[in-house]
Amino acid sequence: ADQVEAEVANCVLGLFEEVIRAVGFKRPEELRAELKARFGDEETAKAAERLYDPNFDRLKLWRWVSGVAMARGDLDQLGQTQDLTESEAARLSEVVVMLGRLLRQMRNQTLVLILDEMERLKAIGAETIVTFVSGCTRLVDPNQRGVCVLIGASGATENEMVDIFAGASPVASRLGVDAKIEIPALPDEDVDKFLEGVIAYLRDPAFDVGAAIDALRD
């Protein structure tokens, strides 16, 4: 997990540094205006401006972007009055959208956000559902072009789907009919064939399964 976070941090900070290099050195007023235009967010632009200082600990910027609690001194260095721990879910979604937009602009790559097994939302409280709807509504807004969002949820019928993906909910209405792909359930025999195919693809055909079982039987 630590290695994955380090890779994500390097990716995000590297993206910010590419923006800094593209903007270059300018007078303070011009610099802040262009950074704000590039990031599309004044608070992020102020925080990213610290990357011009070669002695700045860039991981402080990552901690702020990733939404962890921060000490007052670190926030002051970043020109922030608060961290993102108390932000609305929609605000956090805007950060993800911003990263996707920058990735497209700077590297011509697409950020894909995968939210799987969303039927588990049935097990959380109503207050948490409201928070999730707030953030997800921003992500699936038809005018949002920064991030590709792939959502997976299971239900025997559409009526049995978790409420936020059914009927006229804010999320479902923004997704629209064209964005929904129904994947029918596989009968057991088809599941077995599918798994056999996966195993055949992954396993060395020269591997002697029977001999391995005999060798390990005891």
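This is a predicted model: local features need pLDDT of at least 70, side-chain atom pairs count only at pLDDT 80 or more; totals for chains, interfaces and linings use all residues.
Helix packing comes first. Helix α1 covers residues 2-23 and helix α2 covers residues 28-39; the two pack at about 135 degrees, with 11 Å between their axes. That angle makes α1 oblique to α2, and the crossing of the two is right-handed. On the α1 side, the contact is made by Phe-16, Val-19, Ile-20, Ala-22 and Val-23, which meet Leu-31, Glu-34, Leu-35, Arg-38 and Phe-39 of α2. Sorted by type, the residues of this contact come out as eight nonpolar, two charged and no polar.

Glu-34 and Arg-38 turn up again among the salt bridges. Their side chains pair up at 3.7 Å, N to O. The two sit four residues apart in α2, so about one helical turn separates them. In an α-helix there are 3.6 residues a turn, so residues three or four places apart point the same way. Both partners are partly exposed, Glu-34 at 25% relative accessibility and Arg-38 at 28%.

Arg-91 pairs with Asp-41, and their closest N and O atoms are 2.7 Å apart. Arg-91 belongs to helix α6, while Asp-41 is in the loop between α2 and α3, so the bridge ties together parts that are 50 residues apart in sequence. Buried means under 20% relative accessible area; Arg-91, at 18%, is therefore buried, and so is Asp-41, at 15%. Counting salt bridges in the model gives 14.

That leaves helix α4, residues 58-65. Lys-60, Leu-61, Trp-62, Trp-64 and Val-65 are buried there. The cover over these buried residues includes α1, α3 (42-48), α5 (72-77) and α6 (89-107). Just past the end of α4, Gly-67 adopts a positive phi of about 80 degrees.

Definitions and conventions: Residues are numbered from 1 along each chain as its sequence is written. Side-chain values use heavy atoms; hydrogens and water are left out. Axes are lines fitted to C-alpha atoms, for helices over the stretch in contact, and angles run from 0 to 180 degrees between N-to-C directions. Angles under 35 degrees count as roughly parallel, over 145 as roughly antiparallel, 65 to 115 as roughly perpendicular and the rest as oblique. A crossing is left-handed if the near helix is turned anticlockwise from the far one by less than a right angle, and right-handed if clockwise. Contact means heavy atoms within 4.5 Å. Ala, Val, Leu, Ile, Met, Phe, Trp, Tyr, Cys and Pro count as nonpolar, Asp, Glu, Lys and Arg as charged, and the others, Gly among them, as polar. Buried means under 20% relative accessible area, exposed over 50%, partly exposed in between (1.4 Å probe, protein chains only). A salt bridge is a side-chain nitrogen of Lys or Arg within 4 Å of a carboxyl oxygen of Asp or Glu.
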